[in-house]
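Visitor: I am new to this structure and would like to look closely at just one part of it. Could you pick a part, walk me through it step by step, and then show me what surrounds it?

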Amino acid sequence: MKKLMLTSALGAAALVVTGAAASAATLDDVKAKGFVQCGVSQGLPGFSNPDADGNWSGLDVDLCRGIAAAIFGDGDAVKFTPLSAKERFTALQSGEIDVLSRNTTWTMSRDTQLGLNFAGVNYYDGQGFMIRTSMEINSALELSGASICTNTGTTTELNVADYFRANNMDYELVAFEKADEVVAAYDAGRCDVYTTDASGLYAQRLKLTDPGEHKVLPEIISKEPLGPVVRQGDDQWFNIVKWVHIATVNAEELGITMDNVDEMMAGDNPSVKRLLGSEGEFGAAIGLDNDWAAKVIKAVGNYGEIFDRNVGPDTPLGIARGVNALWTKGGLMYGPPIR
Amino acid sequence: MAEIHSAADIAYVRREMLPEQEAPGSSRGVVAWFRESLFSSIPYTILTLFCLYLLWVIVPPILSFLIGSAVWTGTDRAVCATEAQGGIQPNGWFGACWAYVGDYANQFIYGRYPNVEQWRVNIVGVLFFGGLAGLLIPSVPYKRENIIFLSIVFPIAALILLTGGDIAVDGLYIPLAVLAVLALVVTYAFAKLSDSDPLPGLKNVAALFIGLFVLLFILGFDFGLMHVETEMWGGLLVTLVIAVTGIAASLPVGIALALGRRSALPIVRFFSIVFIEFWRGVPLITVLFMSSVMLPLFLPEGVSFDKLLRALIGVALFSSAYMAEVVRGGLQALPKGQYEGAMALGLNWGQMMRMIILPQALKLVIPGIVNTFIGLFKDTTLVLIIGLFDFLGQIQSSYSDPTWASPVQAMTGYAFAAIMYWVFCFSMSRYSMFMERKLDTGHKR
Amino acid sequence: MAVTDATGNGSGESAPKVALLNNPEIRGWVFQIILAILVVYLAYTGWANMNANLRAAGIASGWGFLGTNAGFAISQSLIEYSQASSTYGRVYIVGLLNTLAVAFVGIIFATIIGFIVGVARLSKNWLVSRLATVYVETLRNIPLLLQIFIWYFGVLRLLPQPRQGFDFGPLGLLNNRGYFAPKPVWGEGGIFIVYAFIAACVIAWGVGRWAHKRQMATGQIFPSFLFGLGVIVLLPLATFLALGAPLTWDIPEMGGFRPSGGMTIIPEYIAMLVALSTYTASFIAEIVRAGILAVNRGQTEAASALGLRNGPTLRLVIIPQALRIIIPPLTSQYLNLTKNSSLAVAIAYPELTSVFAGTALNQTGQAVEIISLTMLTYLTISLVTSLFMNWYNNRVALVER
């Protein structure tokens with residue numbers, strides 16, 4: 001009996017060390033293990049959501065697939081770790097994941113105090129309010145005295161506080177740990193208002209009993225640039241994540257799509273050739289092959305394709321491009337040149 | 001009384017017994033039972049009527065929801081929504097949507113475990129429940145073999161089947177070899193210093209390490225199974241993995257702690273008490289928070305645990321403190337004579353515990369262990385707060401599926417969860433009571 | 001593990017002459033020193049790793065955050081709290097008070113329900129005892145978290161929207177934003193009523209002691225319970241009237257979204273309270289039943305032989321003896337209830353785990369400080385409760401002669 005216990009205890013101890021080892025050079029680790037470990041949400045339609053078979057899809061998921069494609073040429077060489085708002089930064093800090101792509105707002109304190117780096121913005125969001133149509137309210141300024149449901153652990157809680165304070169309005173905050181419970185409580189009538197990032201509102205509205213009875217108010221009360229996050233102190237990996245996103249944006253601007261990559265590569269446009277690697281040695285500078293961007297586009301398409309596929313007007317979410325359009329079309333998506 | 005009184009007065013004493021009388025009609029039969037147990041006095045009658053009213057208020061709506069108005073078949077939300085909500089049911093309808101539960105049954109049991117690989121989970125389930133049944137039913141023979149199976153073969157088999165095996169253990173061979181040499185040296189030195197024959201000790205240690213090397217080899221062996229990450233696990237699978245691992249890990253640790261707490265060695269006792277009281281004094285949810293956000297910070301850079309494994313560590317630490325107290329109860333229940341008898345036979349502390357005390361004490365606390373397990377089984381629901389999908393968590397997460405979204409969906413899910421948990425826990429508690437009665441006979445003092 | 005390891009090495013065959021390590025005392029110390037070194041080493045490694053990790057990741061640490069402005073709102077607070085100016089330290093206190101508020105009231109309800117159900121299980125009325133059994137077996141075999149969800153979402157669905165809510169007039173309003181009760185507003189001199197109440201309690205206690213002594217000495221009975229009750233009710237009441245009834249009620253009124261004014265009892269609190277007290281009551285019921293059954297039947301018979309009626313038998317003979325058996329497990333149920341109140345994090349009741357280990361942790365990111373402080377707080381509550389209950393237990397324990 002005694003020996004059995006000892007054996008099982010040591011066995012358990014041995015298991016403990018099976019976790020992935022993360023060191024300074026994330027790219028080497030990723031190459032060694034053969035996949036990218038990507039932190040995503042626990043289920044937010046359009047951004048990172050698993051289907052019934054456990055396949056992930058969404059805007060944030062496609063970014064991870066793009067990174068995997070840039071490294072391995074295979075958009076499926078990626079594993080997803082669903083994380084709560086609370087766990088997400090610890091998971092990245094401890095090396096459990098390589099990149100966090102989980103509709104995370106870029107703020108100064110997060111960028112500077114948590115040992116993290118934001119590698120760009122793949123969705124410009126802002127916090128909005130959702131209410132029942134039957135309430136006959138058309139502006140957030142009429143919400144004084146309302147009960148407001150939201151998640152803890154996000155910037156939304158502080159934004160709503162600032163907004164109501166600035167407008168001298170009173171409110172009751174009901175803050176839940178998980179998004180599913182916020183939706184359930186709002187649906188059950190606990191709150192008049194549900195607030196989170198506008199994109200989240202559109203996504204969560206699909207989960208309500210009767211989505212048609214709810215509307216999103218026009219006011220956007222905060223800036224929520226959402227983007228991928230990496231650990232501080234590994235510039236190579238930081239660059240890879242940053243440029244994978246930029247490549248998708250530039251590809252849209254240059255008219256490169258998933259289908260015409262090969263044609264474009266053979267074309268004459270020098271910008272296209274530099275991006276797709278038929279000219280110059282830009283891939284080598286970040287430790288990848290020169291056709292890294294071509295692999296990304298082949299796997300997930302350009303930014304416009306990613307957007308339309310996951311959250312665009314033809315999806316259940318039906319979000320317009322708005323500020324997420326290219327800078328040439330009046331939006332904020334602006335990719336630095338590759339040269 | 002009156003008879004005795006009168007006997008003294010008139011000097012008459014009855015000589016023969018009176019003929020036996022019929023039992024009074026009012027104390028037999030159905031009517032009498034009703035009178036006796038329901039309407040024996042005015043307050044009782046009021047109480048009975050009140051209870052009947054309570055039953056009338058509570059039971060019919062529940063039955064109507066669960067059975068009467070329930071929907072058993074269907075393919076989407078339309079069958080479980082009223083016309084006003086865009087469905088086919090008449091307005092005002094309120095019933096359980098079992099069709100939704102049926103549609104999701106697979107996910108409730110396996111989580112997102114790939115469909116084609118679910119046979120692996122099934123095998124683990126059969127091995128576990130088969131082994132457990134053999135262990136729990138007193139009349140089944142081969143208990144010893146069964147324990148060895150459940151404590152050695154089963155965990156390894158389950159680990160490999162569930163994860164897919166082929167675990168990266170290459171880096172562990174050399175540290176283990178160093179450890180083995182070290183242990184052999186220490187054993188030898190210890191035996192020499194205590195003037196005893198080093199051979200048996202060396203043999204034991206060598207056997208242990210050979211076993212560990214074999215274990216490492218098996219864990220690292222590629223059986224050709226697909227790797228399934230724990231993120232894909234969910235539902236009943238996760239609930240059982242957490243509860244069973246928690247209880248299995250807490251048993252040895254709990255025994256060690258219980259022995260430590262009753263030890264004569266002050267430092268050992270101090271550490272044991274601090275450990276036990278600390279974990280017993282804090283809520284499980286803070287332990288889970290700790291293991292999910294704080295534990296990663298305590299590990300050396302570069303080492304990280306799987307999320308499920310972190311929760312398991314938290315649960316195991318927590319339940320081992322409770323287990324320690326259960327075992328301590330068993331140790332205290334043994335008469336002092338057992339200890340004294342063992343010592344009189346010249347057994348040392350280890351032999352006394354192994355051969356005399358623990359076998360008796362552990363037998364005594366089987367009901368307590370089962371009760372701890374029931375508690376743990378219920379407490380596994382808490383892992384949904386840290387974002388793991390246990391049975392309840394999986395049910396909750398299915399609420400976000402628009403295919404089945406309807407006002408009765410959540411109620412149905414919760415009702416289903418409640419029924420399932422109830423069946424599990426109630427049968428376990430009955431088993432614990434059965435064992436208690438069975439074990440009771442030998443230990444009347 | 002360490003324990004078995006040492007015995008494994010130490011199970012040496014009995015040696016004829018006593019070597020150094022065969023001296024059990026020395027052996028014990030060697031073992032203990034090894035253990036202590038191991039524990040200290042582990043603790044040190046963990047600590048060093050943590051510091052290294054925090055430094056490497058550039059995460060802020062220290063307790064400075066307790067003094068900074070929190071900036072978020074809390075839906076229930078027993079003390080003054082404003083999102084504009086209150087600090088994280090204040091958030092901690094608000095959370096702690098909310099925990100205590102639900103735990104304390106929950107304990108009272110759980111005890112009452114538990115005693116009623118426990119006694120009902122022993123009732124000779126078949127229906128009553130069966131109902132009590134069903135209650136116990138149902139509630140304690142379903143996870144508490146699930147019960148909390150059921151109560152919470154059940155309560156929310158059952159209660160109407162604020163505009164269609166129940167209006168009890170002067171008794172307040174009830175809807176799915178909570179129960180809005182009238183709030184007493186004390187005028188001039190209200191504090192004297194509190195003084196009067198304290199004085200009444202002291203008097204009642206003194207008279208009770210005196211009556212007890214006199215009964216012990218002379219056998220004369222003084223109705224000290226009735227007297228005490230009378231003093232506690234009448235003295236504050238008299239003071240209240242003498243001061244000219246300085247009390248007005250702030251009665252809640254329906255506002256735009258939810259009623260304003262009065263005191264609010266939020267639905268999360270109601271759901272937590274109901275779930276905690278009914279769940280714990282099912283355990284207390286079993287404890288009470290076991291306690292009463294454990295009192296020897298001869299005690300009842302002896303009491304009736306002495307001519308005691310049913311009430312005094314229960315009050316003077318059965319309950320004092322049953323209490324001795326009931327109190328230790330009852331203590332652990334109270335502690336369980338307090339610890340279980342942390343499950344409120346799932347339904348947004350703003351108690352310690354929810355606002356401090358939840359929101360505050362997420363806003364500051366200082367996991368180590370916040371989780372440690374939270375755990376230490378629960379530990380302190382647990383230890384204080386057990387100390388108090390041990391003290392009480394010692395008081396009622398049988399004095400063996």
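**A sheet in chain A**

Guide: Let us start with the chain that holds our part: 56% of the 339 residues of chain A count as buried. A residue is called buried if 20 or more other C-beta atoms, placed from the backbone, lie within 10 Å of its own, exposed if 12 or fewer do, and partly exposed in between. Please keep in mind that this is a predicted model, where local features need pLDDT of at least 70 and side-chain atom pairs count only at pLDDT 80 or more, while totals for chains, interfaces and linings use all residues. Residues are numbered from 1 along each chain as its sequence is written, and chains are lettered from A and ligands numbered from 1 in the order in which they are written.

Chain A contains 14 helices and 14 strands (DSSP runs numbered from the N terminus, H or I of at least four residues for helices and E of at least two for strands). Its radius of gyration is 22 Å, close to the 20 Å given by the globule rule for 339 residues, so chain A is as compact as a globular protein of that length. That radius is taken over C-alpha atoms, and the rule is 2.2 Å times the number of residues to the power 0.38. Along the principal axes, the C-alpha atoms of chain A fill a box of roughly 75 × 60 × 40 Å. If we take the contacts in chain A between residues at least 6 apart in sequence, 72% of them join residues at least 24 apart; two residues are in contact if their C-beta atoms, placed from the backbone, lie within 7 Å.

Now for our part. In chain A, five strands form an open sheet with mixed pairing, in the order E10-E9-E11-E8-E12. Strand E10 (171-176) and strand E12 (214-216) of chain A stand at the edges with a single partner strand each, so one side of each has no neighbour in the sheet. On average, neighbouring strands of this sheet are turned by 30° against each other, direction ignored. Two strands pair if DSSP finds at least two bridges between them. As a general point, strands of a sheet pair through backbone hydrogen bonds, either parallel or antiparallel.

Strand E8 (residues 127-132) of chain A is joined to E12(A) by three bridges, and the two run antiparallel. One residue pair to find here is Ile131(A) with Lys215(A), its bridge partner in E12(A). Helix H8 (residues 198-205) of chain A packs on the sheet, where it touches E8, strand E11 (193-197) and E12 of chain A, and its direction makes about 125° with that of E11(A). Such angles run from 0 to 180 degrees between N-to-C directions, with axes fitted as lines to C-alpha atoms, for helices over the stretch in contact.

E10(A) is mostly covered, with six of its six residues buried. In a regular strand the side chains alternate between the two faces of the sheet. Both faces of E10(A) are covered: Tyr171(A), Leu173(A) and Ala175(A) are buried on one side, and Glu172(A), Val174(A) and Phe176(A) are buried on the other.

Finally, a look at another chain. Chain C has 12 helices and six strands. Its radius of gyration is 28 Å, well over the 21 Å that the globule rule gives for 401 residues, so chain C is more spread out than a compact globule. The C-alpha trace of chain C spans about 85 × 70 × 45 Å along its principal axes. Of the 401 residues in chain C, 37% are buried. Among its contacts between residues at least 6 apart in sequence, 67% join residues at least 24 apart.
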